[in-house]
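Subject: Structure for you to look at

Hello,

Here is the structure I said I would pass on. Please open it first, then read the notes below with it on screen.

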Amino acid sequence: MITFKKVALVNILKLNKLKKISELNMYGVDFEDKCVIDRKLENQKNFLENFVIDLGDKEFNLLDNTYSANLNPKKYFSEINNRVNSINKYAKDMGLMPVFITLTAPSHFHPIRTINQKKKIIEKNPNYRYDNNYKKAVKDASILLSDLWHKFTSLQVVRKMKKETGNGLMYFRVFEPHESGIPHIHALVYIPKKWILLIKKKFYEYFKKFGIKQLQFKYTWYSSKGGAIAYMMKYITKTFRNAETDIIHDSVYWYIKHRIIRFCSSRSLCSLSVYRKIRYYFKDIQDDYLYINELFINGDICTYFNKTMITYKYFHEDIDDNEVTLYSKRFIPKLSIKKYIVAYLDEKGKKKYYEIMPDDYKRIKLKYIKKDKKVNKDIPLIINNELYTLFEDGTYKKNLIPVSKIENFELIKHFNFIDKNIDNVNLHHYGLVKNEMIKRGCMIGTIENLNLYNMEF
């Protein structure tokens, strides 16, 4: 009689045949990967610490002002926390409901599959397609999941919701690795209450078409301590190294090794590239991200020259209209003589650095030249109840109405005319009119590709 333990032992022996997999540790990260990543992080950290900028009354290094989950996790996580809370509060104010979504990669990306979760019995997955390239399996899975996610946020049901409510899907999501190292997605989406079940139905229909079976669509939070945000934050916090003890979890090595972005969100609030540049100005305001977003929507905060200049207009009792420049690339601080480094590639293509004095650095000055607006001197002209345009040179041309804008009666009349004189009519135009007639139900037929009408009958 074959016992459960014997079956488990046989399955483990089968897995040992997969050299690429058996040699890997948790999340597909081995000891050599950790050594290489630790060395790179240490070199980057030392470089940023030694890059000092002197502003006269104070000086600071670039490490303290770097938003990086690996190099400055405390600062980066603080911003992530701010973004999550801001989006959550913004969504609640709009009356939206939180929905937790889990999305896994299709079966052929997974090298192993689980037979019994409690007993931890696994076996080789016969559907696995990446026997000789495990790293490519991880990258392809992340690309596919991202692509499917973006297409999901543009489904017809989502577009209908956006048309009715004025807002698309508001969300933030994270990538997380399975123990095998293959990624999956967790996301918190905010949806109007009456649209939840409609989107849920389309959610399962859409992703099951791509062979994705492990899906989750959770929208009840009665038994979840702390609610939806607490449920989601436990997945976000797992992706960061411990800022106090500097301990790096194996999953953190996984993100660095495969260059996978941990966290992203919908563009519901103003751009991060704007927020990061001006947040210091509003640091004393609670929920500064939401406050800046409101100013940006109202036009009080404006960007110019491809976001190289950001201005803020505000009301003052003594001044009717006051405007201050919050950010501009023209204002380059005087760099410290201690170190200003320029990177270059040597003859072998290896990256090297050299120091230069601040006075040797050619500063770029921005100049704005206002373009003259071209005045449209074309004059509308009516001849025999038809609209024409009279140009500056004295010529005139009849204004053509798009076929989709012609009323039914005129469209039928026009089609009957070109149908009788088809030998002297552009066939592409004939096909366009005919397809429009069929769309509106003015005639029975099948809509044809317009390329067919470019061919000779």
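Start with helix α5 (residues 134-152), where Asp147 and Lys151 sit four residues apart, about one turn of the helix. Their side chains form a salt bridge, with the closest N and O atoms 3.3 Å apart. An α-helix has 3.6 residues a turn, so residues three or four places apart point the same way. Asp147 is partly exposed at a relative accessible area of 36%, and Lys151 is partly exposed as well, at 46%. Please keep in mind throughout that this is a predicted model.

Now the overall picture. The protein has 457 residues, and 37% of them count as buried. There are 13 helices and 17 strands. Of the contacts with a separation of 6 or more, 56% are between residues 24 or more positions apart. The protein exposes about 30800 Å², and carbon and sulfur atoms supply 52% of that area.

Salt bridges

How many salt bridges does the count come to? The count comes to eleven. Side chains of opposite charge can pair when their charged atoms come close.

Glu123 and Arg113 meet in a salt bridge at 2.6 Å, N to O. Glu123 belongs to strand β5 (residues 121-124) and Arg113 to strand β4 (residues 112-116), so this pair ties together parts that are ten residues apart in sequence. Arg113 is partly exposed, with a relative accessible area of 38%.

Glu79, Arg83 and Arg276 are linked in a network of salt bridges.

Helix α13

Another salt bridge joins Arg440 to Glu436, with the closest N and O atoms 3.0 Å apart. Both residues are in helix α13 (residues 427-440), four residues apart, which puts about one helical turn between them. The cut-off for buried is under 20%.

The buried residues of α13 are Tyr430, Gly431, Val433, Asn435, Glu436, Met437 and Ile438. Part of what covers them is α12 (408-420). Just after the helix, Gly441 takes a positive phi of about 80°.

The sheet of five strands

Five strands form an open sheet with antiparallel pairing, in the order β8-β3-β7-β6-β9. Which strands stand at the edges? They are β8 (215-218) and β9 (263-265); each has a single partner strand, so one side of each is left without a neighbour in the sheet. The twist from one strand to the next averages 15°.

Within this sheet, strand β6 (residues 170-177) and strand β7 (residues 183-191) run antiparallel and are joined by eight bridges. To find one of these places on screen, look for Phe172, whose bridge partner in β7 is Leu188. Helix α8 (residues 227-237) lies across β3 (97-104), β6, β7, β8 and β9, and runs at about 35° to β6.

The sheet of three strands

An open sheet of three strands has the order β10-β11-β12, and its pairing is antiparallel. Its edge strands are β10 (301-304) and β12 (322-328), each of which pairs on one side only. Neighbouring strands in this sheet are turned by 25° against each other on average, direction ignored.

Strand β10 is joined to strand β11 (residues 309-314) by four bridges, and the two run antiparallel. Thr303 has Ile310 as its bridge partner in β11. Helix α11 (residues 288-298) packs on the sheet and touches β10 and β11; its direction makes about 70° with that of β10.

Regards

Terms used:
Residues numbered from 1 in each chain as written. Heavy atoms only, no water. Buried < 20%, exposed > 50% of the residue type's maximum accessible area, 1.4 Å probe, protein only. Contact = heavy atoms within 4.5 Å. Areas by Shrake-Rupley, 256 points an atom, 1.4 Å probe, with all protein chains shown as cover. Salt bridge = Lys/Arg side-chain N within 4 Å of Asp/Glu carboxyl O. Pairing = 2+ DSSP bridges. Axes fitted to C-alpha atoms, helices over the stretch in contact; angles between N-to-C directions.
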